[in-house]
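Have the model open while you read.

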Amino acid sequence: MGLSDIMAATASDVHLKKEIALVSESSSGVNIYTFQYKDKKYGEGVYRGVMAQEVPWASVKTSDGYLAVDYSKIDVDFKRIA
């Protein structure tokens, strides 16, 4: 993955999140969660997405040591829901 790919990936490391709740599963079997980020620099509010540790084929380690997900490689959309 090149630098532009890393920049397009979404911070999805389980260690960056709190209030994690499993809400469903995608058609391919990927778990879908709601969560909030511990640090507001990643976003404020409630989000729906995946845990990077559960989708290693779509994850990349960023320069800060956390995992980010390239959502174009999975059948789940990342979005803010509240």
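## Strands and sheet

Two strands pair if DSSP finds at least two bridges between them. Strands themselves are DSSP runs (E, at least two residues), numbered from the N terminus. This is a predicted model, where local features need pLDDT of at least 70 and side-chain atom pairs count only at pLDDT 80 or more, while totals for chains, interfaces and linings use all residues. Residues are numbered from 1 along each chain as its sequence is written, and side-chain values use heavy atoms, with hydrogens and water left out.

Start with β2 and β3 (residues 31-37): six bridges hold this antiparallel pair. Look for Ser-24, whose bridge partner in β3 is Ile-32. Zoom out and you get an open, antiparallel sheet of four strands, ordered β2-β3-β4-β7. At the edges sit β2 and β7 (79-80), each pairing on one side only.

## Nonpolar cores

A nonpolar core is a set of buried Ala, Val, Leu, Ile, Met, Phe, Trp, Tyr and Cys residues joined through side-chain atoms within 4.5 Å; buried means under 20% relative accessible area (1.4 Å probe, protein chains only). The largest one here has 10 residues, including Val-30, Ile-32, Val-69 and Tyr-71. There's also a second, separate core of seven residues, with Ala-11, Leu-16, Tyr-37 and Met-51 among them.

## A buried serine

Ser-12 sits in the loop between β1 (10-11) and β2 (17-25). Is Ser-12 buried or exposed? Buried: its relative accessible area is 0%. Its contacts (heavy atoms within 4.5 Å), leaving out residues up to four places away in sequence, include Lys-17, Met-51, Gln-53 and Val-69.

Terms used
Buried means under 20% relative accessible area, exposed over 50%, partly exposed in between (1.4 Å probe, protein chains only).
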